[in-house]
Amino acid sequence: MRLRMQGCSVCCFVLMLFQLRPASAYGDFFTSIGQMTDLLYTEKDLVTSLKDYIQAEESKLEQVKRWAEMLDSLTTTATQDPEGFLGHPVNAFKLMKRLNTEWGNVESLVLKDTSNGFISNLTVQRQYFPGDEDQIGAAKALLRLQDTYKLESNTISVGNLPGVRYKNPMTVDDCFELGKVAYTDADYYHTQLWMSQALRQLEQGEESSVDKVTILDYLSYSLYQQGTVQKALDYTKLLLQLDPDHQRAKGNVQYFEVQLEKQRQIEEGTMQKDEAEAKKDEMDPVPERKKYEQLCRGEGVKMTNRRRSRLFCRYFHNNHPFFLVGPKKQEDEWDRPYIVRYHDIISHREIEKVKELAKPRLRRATISNPVTGVLETAHYRISKRRATVHDPKTGKLTTAQYRVSKSAWLTEFEHPMIRTLNERIEALTGLEMDTAEELQVANYGVGGQYEPHFDFGRKDEPDAFKELGTGNRIATWLFYMSDVAAGGATVFPDVGAVVWPKKGTAVFWYNLFPSGEGDYSTRHAACPVLVGNKWVSNKWIHERGQEFRRPCTLREEDR
């Protein structure tokens with residue numbers, strides 16, 4: 001009995017540590033796959049420590065077991081003829097010795113705490129653990145991927161994603177947790193999807209700490225919130241069959257029945273209204289969000305055969321002495337806006353050095369504030385509704401950009417290789433790099449993305465990049481430093497263009513016309529990474545210093 005209580009107290013103590021641990025001071029792990037890899041090594045170290053603890057406990061229990069088996073045999077024989085057994089003086093002596101000394105040793109052995117090493121290691125490591133924000137962020141990423149790539153809940157749950165090498169199916173508890181995250185955010189659509197998946201797996205016989213009644217409670221309410229009252233009523237009645245005393249369900253049945261009666265009374269008027277709204281929806285233009293998600297799936301690409309026939313590949317040297325000897329492979333990716341890709345433009349060795357320099361400095365990515373023009377930390381949205389920021393000048397709300405990644409800025413003074421990359425970009429583009437921003441390295445996290453945005457400052461943003469003092473962003477150079485198994489494309493929703501990441505390549509486009517006016521067709525986005533790890537680095541090139549390299553014109557339409 002004492003042994004069992006000791007084991008229970010150790011388990012409870014470990015569980016309390018997990019429940020009461022403070023949030024990590026580092027945080028934001030989910031926004032960078034590169035930094036998340038460190039967590040795997042942390043967990044591996046903890047598993048090793050836990051196995052050492054288990055081995056110590058098993059060794060202790062083995063000793064206790066041998067002692068118990070020996071005494072079980074001895075006492076069974078002794079109690080058959082107690083007086084005859086103790087008539088032997090050695091048996092009498094050994095009984096006194098066992099009860100006075102040896103049982104005390106067994107007590108000490110059972111009470112021996114072998115968890116100190118594991119607990120100490122756990123206490124040290126937990127300061128590096130992700131917090132609630134990371135768990136919610138990773139959950140939101142799964143929901144975002146599900147929407148963008150039109151994935152069934154079961155597809156995600158069983159792990160059948162394109163390009164995956166390491167499948168890890170989700171449990172009922174995992175599905176339930178995802179549904180709860182959506183429910184907390186009043187996202188009843190995803191609540192329904194994932195509670196239904198949890199229910200399906202539970203009914204297939206999977207064991208779970210979550211009971212069917214709890215799942216049905218969430219499921220029925222999410223259906224009601226979406227206007228599917230009949231199904232909500234059906235699931236609530238099923239819940240009551242399992243738990244007839246469920247007070248909330250009893251009240252909901254009555255309420256849902258009243259709501260259904262009201263629906264029947266206005267059914268005809270509702271049908272006419274729905275038909276009118278459907279016709280209106282058909283006439284409305286496709287929203288940018290839908291275009292963006294279609295392009296991320298490789299749908300809706302607006303490239304005709306005739307236009308494609310005008311796109312070429314070539315060896316390019318830009319009349320630069322270095323590349324006259326070894327020209328680079330240049331490929332036309334798109335015509336309007338004109339986007340070119342350079343192949344084999346950054347080596348594996350250079351990529352690894354850039355990642356090595358950037359990884360310790362990765363911080364939540366920055367975006368240009370649409371109101372002040374100041375670069376500030378990007379925050380992730382936790383719902384499908386568009387995020388907004390408050391304009392301190394007008395008092396109005398304006399749409400916020402949404403980015404899930406971490407980035408680091410590298411100067412050419414930190415390593416000669418950064419200078420080499422800057423010189424390479426200057427040689428191929430013919431543009432001045434002294435006024436460009438530093439090389440920004442970005443690593444995208446779980447479902448990492450950057451929603452549609454402009455790189456340049458618009459007319460309604462007079463203070464954009466004012467603090468830099470180098471004018472607007474005239475052009476963008478983007479290195480792809482990794483292949484991505486699925487997702488992660490760069491898309492241009494307004495023109496229906498898609499550029500897929502390919503390690504060792506770079507793409508380049510102008511954000512401004514020669515007149516200095518912004519090219520609004522360059523509005524672009526980074527699609528969510530479905531499977532894989534996406535590393536990119538970019539160079540934003542500014543107007544100052546380009547006066548003789550790319551002379552201005554007076555006509556707005558001049559390219």
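Hi everyone. Some ground rules to start: residues are numbered from 1 along each chain as its sequence is written, and side-chain values use heavy atoms, with hydrogens and water left out. Because the model is predicted, local features need pLDDT of at least 70 and side-chain atom pairs count only at pLDDT 80 or more, while totals for chains, interfaces and linings use all residues.

Let's begin with the rings. How many aromatic pairs does the structure hold? There are 21 aromatic pairs. Rings of Phe, Tyr and Trp (its six-membered ring) pair if their centres lie within 6.5 Å; planes under 30 degrees apart are stacked, over 60 edge-to-face, and the rest tilted.

Take W67 and W103: their ring centres are 5.9 Å apart and their planes stand at 80°, so this pair is edge-to-face. W67 belongs to helix α2 (residues 33-78) and W103 to helix α4 (residues 89-111), so the pair ties together parts 36 residues apart in sequence. Helices here are DSSP runs (H or I, at least four residues), as are strands (E, at least two), numbered from the N terminus. W67 is buried at 16% relative accessibility, and W103 is partly exposed at 41%. Buried means under 20% relative accessible area, exposed over 50%, and partly exposed in between, using a 1.4 Å probe and protein chains only.

F322 and F323 also form an edge-to-face pair, 5.1 Å centre to centre with 85° between the planes. Are these two buried or exposed? F322 is exposed at 59%, whereas F323 is buried at 2%. Elsewhere, ring pairs link F176, Y183, Y188, Y218, Y221, Y224, Y255 and F256 into a cluster.

Now to the loops. S521 is in the loop between β16 (505-510) and β17 (524-526), and at 16% relative accessible area S521 is buried. Leaving aside neighbours within four places in sequence, S521 is in contact (heavy atoms within 4.5 Å) with P337, F492 and V495.

Finally, E414. Where do we find E414? Look in the loop between β9 (405-410) and α18 (416-429). E414 is partly exposed, at 29% relative accessibility. Not counting residues up to four places away in sequence, E414 touches R361 and W409. The C-alpha atoms of E414 and L357 are separated by 8.6 Å, and these residues are 57 residues apart along the chain.
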